Amino acid sequence: MKRFRRHGQESQRERLKQELFQFNKTVEHGFPHQPSALGYSPSLQLLAIGTRSGAIKLYGAPGVEFMGLHDENAAVTQVHFLPQQVELVTLLDDNSLHMWTLKAHTGLSELLEIGRFTLTGPPGAPPSVTRVTAVLAHSSGELLLLGTEGGHVFIVEVPGFRELEERNISLDQVASSVPDNYTCRRNLEHVEALQENPVNPSQVVIGYGRGLMVVWDLKKQRAIQHIPGTQQLESVWWTEDGGYLLSSHNDGSYCRWTMGSKDVDEEDVKSDIPYGHFPCKAISKIVQLSTEEGPPFLLFSGGMPRASYGDRHCITVIHGKTHVALDFTSRIIDFFAIRGGPQHTGDPSALVVLVEEELVVIDLQTEGWPVIQTPYLVPLHSSAITCSHHVSAIPLKLWERVLAAGNMQSTHYSKKPWPITGGQNLGPDPPQRDLLLTGHEDGTVRFWDASGVCLYPSYKLSTAGVFHTDADPNDNMNQGTEGEWPPFRKVGCFDPYSDDPRLGVQKIHLCKYSGYLTVAGTAGQILVLELNDEAAEQTVEAKVVDLLQGQEGFRWKGHTQLDVREEPVLFPPGFQPFALVQCQPPAVVTALTLHSEWKLVAFGTSHGFGLYDYQQKNNVLIKCTLNPSDQLAMEGPLSRVKSIKKSLRQSFRRIRRSRVSLRKHHAGRDLPCISIPHQMEIAPVQRKIEARSSDDSFTGLVRTIYFADTFLADSSHNTPSLWAGTNGGCVFAYMLRLPAAERRADEPVTAQPAKEIQLMHRAPVVGILVLDGHGAPLPEPLEVAHDLARSPDMQGSHHLVVISEEQFKVFGLPKVSAKTKLKLTAMDGSRVRRVGVAWFGSSRSEDYGESGLVVLTNQGDVHVVSLPTVKMQVHYPCVRREDVSGIASCVFTKHGQGFYLISPSEFERFSLSARCLVEPRCLVEAPTDSSTQLTLLFCPPAEVLQEIQKSLEGDHT
Amino acid sequence: MNKTHRVPSNRSLSTVEVKSKFGAEFRRFSLERSKPGRFDEFYGLLQHVHHIPNVELLVGYADVHGDLLPINNDDNYHKAISTASPLLRLFLQRKEEADYTFGTNSLTRKKNTVLSAVLLRPDATRKKPPVIISLPRDFRPVSSIIDVDILPETHRRVRLYKHGQEKPLGFYIRDGSSVRVTPQGLEKVPGIFISRMVPGGLAESTGLLAVNDEVLEVNGIEVVGKSLDQVTDMMIANSHNLIITVKPANQRNNVVRGGGGGGGGGTASGSSGRSSDSGASYYGYSSHGGVGAAAPAPSHIIQNFPVGELESEEEDDEDLVIEVGGEAESAGRDPADYGMPSLPRYEPHLNLRTPSALSVNGAALASGSSGPPSNANSTTPSPDRAAEMRSLEEDGTVITL
C-alpha cells in the first residue's frame, strides 16, 4: 500500500495527524473504587482518599483534584497531611511510608511523590517491631511519630524521613514506669493511637491496644501521666482545651479522662456505653468538638448493640439533646468534621463521612442536619450502571429545563455551599454543555453534567413508575418511628438492590433539539418520553410487538414482560413517558434509535427489529431476523446466566485446586515446580478455528439500527431510510415513506424492504453510517433545521459505511457496490467493540477539522479511522485488555472524547482530540506560616540514649 | 487427490470392463486386470478404438466415489485398473477443449464447470510442462504448501482453501511455550500451537497440519506477541482463505528443496511453490439457503507474497447484496447493472469490477436464497399494501453484482 504514496504527502499527513489527534487520559469521574483511607487538611482545605489499589486522590473546591498512584500495588491504610504544609504522608499495607507534595509548576500544581521510607528495626528483630499501626503528624510539621505493632514509637524527621533514633519511645521505657497496680503491665500490645495535646505540642498520648494510655513529654523524654484503661482500645481523642481525653473501646464504651499532672484515679473517669445493656460493637473512632456557646458535639462511629443492629454502619452525632445515629448503606472507612472560623477552630460546620461506596457530607449548622450534595465523588453506581449515552453541545433551552427538573428533585439537600474549598480551579470554562446519561439496573436514567472536570448530577429519571413491580413502595421510606432507639436516620444514596432486574435500562437515545428521549430495557420495553416542566398524570399506553412474526417451534424460556400500570400515573416534572412498546418475546433491547423529525423510534432485540411511529402510536414495521436453527436465542437470558455462573464456579474451583497444589509443593520442597507444567496440561486453553456459519447462535441479534435520508432506490431521489445490522453480518435497509407534514397525524408511515446485504465474513455488524457527497457523516435529525450543522451534500453520491467487528467497508449508494475497506481483524487480530463518529478540530488552525470513526477494540486499543477513506490514522492503548467491563462500557463523544468504567463506580475520561480536552487545571498554594509554628529543642541526656539503645537490643535478644 | 488407500481387496475378476466415452461416442472393451501394460500403450489403444489417432487426449475416469480423476501416467493408470469395480468408466476429451475438471464431485457439477472453463482459464495457452502429469489447474485445490523457496526448510506455509464449502476447517489452537535459539542461548518464549484436529475436517484431510505444530504466521502476519484470542480472531477473519505458517512438530516430512516433491503420501500432494498457480476456485459458494447456485470466484492467487502486502491484493470474499421490495421494475431497466430476475449473470461482473480502484477483484455469486426475500416483506401495514407486496414478491429477487 505504502509504495504508491509519495513521500511528501505522507509527511504532510503525519504532521496533520499530530495537529488533529492526541491521546490523554484526563480525569476520573465518580467515586474511587474500594477506598481505604481518608485524610483532611484544614489549612489547605483538601480532602485525600487512599484506595485499596494504591491510588491517592485529593479533592478541594469543585474542579480541584489531583491523583497519584503508588508504585507498590498495596492498599493505602492511612493518609495524614502534615499540618500547615503542602505535604502528606501515606502508609501502605506493605508498611512503607510515602511522602507526597503538591508542587506548583508553570502556574499549576501537581501531586508528586517525593520520598518513601520503611522503618528498619535492629537486625534480627521480628517484623512486628517495625510494623506501623499508628501515625501522628506532629503539628510542628517536622516530625512524624510512628507507633508500631511491637509497642514502640519511632520518631522520624520529615519531609526527609530521617530517623531520630535517640528520641524513639521504646516499650520498655513506658512499661517500666507503669504503676504496679495496673494489671498485665508487661503486655501492653501494639500502639493503637497517637494524639497530640492541642495546647501543648510537646505532649503526646500513646494509646496501647490493651487499654493503657501514656502521656509522654517529647522534650523531657518521659511519661508524665498514665491512664489505666482496661478495655481494648479503639481510638483516643484529646479535647481542644487539653483538659480531657476521650477513649473509645472495643466493648462499645467510651471513657472521658480528666487530664492532670498526676496519674488518673478511678474517680476522674466518666464511662458510658451509649447503646448499652446488651453487648455492643466497638466504637472505632470518637471525636468531641466544642462550640463557642452551647454543648459540644460528640461524634463516634460504631457502638451499636451487637445482636440487634450489629450489621448497621452508623455514626452517632450527639449535640445537646439532639441525638442521631446516621445509618449508612455501606461500611464506614473514616470520618472527620470541618470547623468554621479563620483558624478552623470554630464551631463544626460539616461532618464528612467516607463510607465504602460514597462520600456523605452532613451540614451540622442547619436544623435537621441535612445532607450537602457532593459536586464530585458522586456514587455513579448507586444502582449498577447498565449503559451510557453521551450528548454533546446541549442547547441552552433544554439544558435549563433539565436542570430545573433536577433542582426540584434535590430540595431535600442542604442549601449550604460545598464546605471543602481548597485550591483554585484555573481550568477554562467548558466550551459547551455536555450531558452524560447513565442507565441503571433499577430502571433509572441519571443525567450528569459532563461539561467539565466534575461530573455533576443534574437530573434523575425513574422509569419504574410505569410498571407494576414487586417492591412495596413504602418499603424504602424512612422507618423513623417515634421513640425508636437507637434513633436511626438513613443517609446516603448507595442502594445496589434492584427491585426487579427487568427494569434495567439497556439503551438510551436523547434528541437534544426536541427534548424527546427514548429508553429501552431488559424486558423488551421501549419508552418514549417527552420533557414537561409541569407534573402530569397520565396513562401510558402499551403496544405489544410480536417480533417472531409467526416463526414457530420456539419457546421463550426467559423472563416475562413487565406489567404496565393501567391506571393514570402521576409523573413529576421532567421527562414523562407517553408511549410504550413491549417486544414479544421480552428479550433485552440491543439497539435503539430515535428520529425526532420523523417522529419514529426504531429498536432491535435478539429476535428482530421494529419501527414505531410515536406520533400515531402505531407500529410501522416488524421484521424477524431469527435464524430458524438458532435455539439459543429463544432461551432468554436466565438460562445463560446460569451457565455463566456454573462456569465461573468451575473456574474458581480450578484456581483453588491449583493454589492448593502449589502450596503443597511449596511446603514439601522435595518436588519443586514439576507440578506446574503438569497442572497446565490438565486444562489447556483451546480455541476452535472455524469459519462463521449462518447457523451460529444469535446471528439474528440486532446490533445496530440507524436512520438516514439518502439514496436507496436511485441516485436522483433521496428518501428516508432505516438500516439495521445483525450479529450474523447482515444489513437490512428499508425505504420509509412519510406523509406530508400536514397529514402526518393521519396517514400511515410505510416501510418497504429495499436491500439486504450479507457480509461474506459474517462478523457482527456494530455500526452503520451514511456519508454525504462530501464524505461527511449525515447530520443528526433537526440539526440542520436548527442551523447547527451544514445541510448534507445531496448532489454527490452517498456512501454507506458498514462497520463489522472485523472490517470497515464502504459501499456506494444506491447500488451498494463495494468501494473500499479496512480489515482490522485480519491484520492484527483485534475486533471492534465500540465505535463512534467524532469530529476532530485541528489544534493549529481554527477552521480545519475532519470527521473520523473512533473505535475501541477488544484489545483495549482506541483507533481513529479516517472517513471516507477508511484508513487507520492513529491508535493508542487505552483500556486493559482483560478489563472486559471497561471496554464494554466505553462511550464516545462527538468531539473525540470518551468515557469508560474503570471500576463499577468510576468513569475514566479520555480524549483523542488535540483541541478538545477537559482536564483538571488547578493550583494549591502553601498555607501562610501561622505563628504557632514552633521548633522543639531536644537534648536527651546521654543515659537516656543508652537506655533506649539497651532496650531496643534487649527486645530482640 | 490420490486415494491410494482405497484399494478394494475383494475384487478378483481377472478382466476389467472398460467403457470409454469420447464426445457422444462410447466404446467398450476389456483389459487384463493382472497385466494392464503401460500408460502409453493404453493411450494408443484408446486412440485406436475411438479412431482418433492424432488427437491429443485428456483421459479421465470415474473412481469408486464418483470423482473424476485423470489417467496420464503409469501409476494412475494402474490405480484406475485396480480399483475398477467392475466397470472402468473413461472420459476422453481433446486436450485443447477440455471442459471439465478433475476433483471431488466434479462429475455431478458439470454444469458449473462449463462456466468455470470459460471464465477461468485465461492461461489455457500456457506452456505445457514436459512431464505429463495432470495439470494443477485440473484440480480443485483444497490445500497447498506454498513459498517453499523462501521459507526455511523447517517451516511450512500451508494454504487452506475454504471456498465456502461445508467442510469445517476443523482445528484448535492453544497457548504453549517454544524454545528459540538466541545469541544468549536457548530461550523459552510463548507460542501458539495446534492442539487438536477435528476428524474429517479440512485441516486434517490435508495432512499438512498436525497436532503440536507451532503456528508462526497467519496470512503473512507474525503471531509473536499476540494472544491466543487475537490469533483465533485473525484465523477466523481469514478463514475463507487461510494461510498459516507452521513449524511442524514432526520435522521428518519436510519438503526437500529442489527434489522431486512427489514423494507420495499427503505431504507433497498439492503443489509446491512456483508451480502452483492454480488459484481459481472452481466452486462457488454453496449458498446457505441451500439453493446452491454456484458461481466462480475468479481470483488471482499470489504466491510468494511479501509479508504484509497481502491485504490489498488478496483474494476477496464478496458480500451478497439482495434487492428486495418495490423497486424491482425500475431496477430491471438498467441492463448494465442488473441481471435478469432470478437468474444470476456472471459475465458483466468482471467488466464491472476491473476498474474499481481498490482491492475488489472478485465477483461473487448472488443467489436467491430462500429465506430473506419472503421474510423481508413481512410488514403488513394494510391489506392492500400487503397484496401489492406479494405481487412484487413474485417478480422474484433481483440480484445485483
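1. Let's start with cysteines. A disulfide here is a pair of cysteine sulfur atoms within 2.5 Å. By that rule, the count over all chains is 0. Bear in mind that this is a predicted model, where local features need pLDDT of at least 70, side-chain atom pairs count only at pLDDT 80 or more, and totals for chains, interfaces and linings use all residues. Side-chain values use heavy atoms, without hydrogens or water, residues are numbered from 1 along each chain as its sequence is written, and chains are lettered from A and ligands numbered from 1 in the order in which they are written.

2. A:C890 counts as buried, at 1% relative accessibility (buried means under 20% relative accessible area, exposed over 50%, partly exposed in between, with a 1.4 Å probe and protein chains only). For A:C624, the closest cysteine sulfur is in A:C583, at 12 Å, again too far for a bond. A:C624 is buried too, at 8%.

3. Now chain A as a whole. It has 9 helices and 65 strands (DSSP runs numbered from the N terminus: helices are H or I of at least four residues, strands E of at least two). Of its 957 residues, 56% count as buried. Its accessible surface is about 41100 Å², with 50% belonging to carbon and sulfur atoms (Shrake-Rupley method, 1.4 Å probe; for residues, only the protein chains shown count as cover).

4. One sheet to look up in chain A is open, with 4 strands in the order β10-β11-β12-β13 and antiparallel pairing (two strands pair if DSSP finds at least two bridges between them). Its edge strands, β10 (132-137) and β13 (162-163), each pair on one side only. Strands β11 (143-148) and β12 (153-157) of chain A share 5 bridges, and A:L146 stands opposite A:F154 in β12(A).

5. On to chain B. An unreviewed UniProt entry puts "domain: PB1" at residues 15-95 of chain B (UniProt positions follow the numbering used here, feature names are shortened, and annotations may be inferred rather than shown by experiment). That span is 27% helix and 41% strand, and its end C-alpha atoms lie 29 Å apart.

6. Which residues of helix α2 (74-83) of chain B are buried? They are B:N76, B:Y77, B:K79, B:A80, B:I81 and B:T83. Helix α5 (228-237) of chain B is mostly covered, with 9 of its 10 residues buried, among them B:L228 and B:M234.
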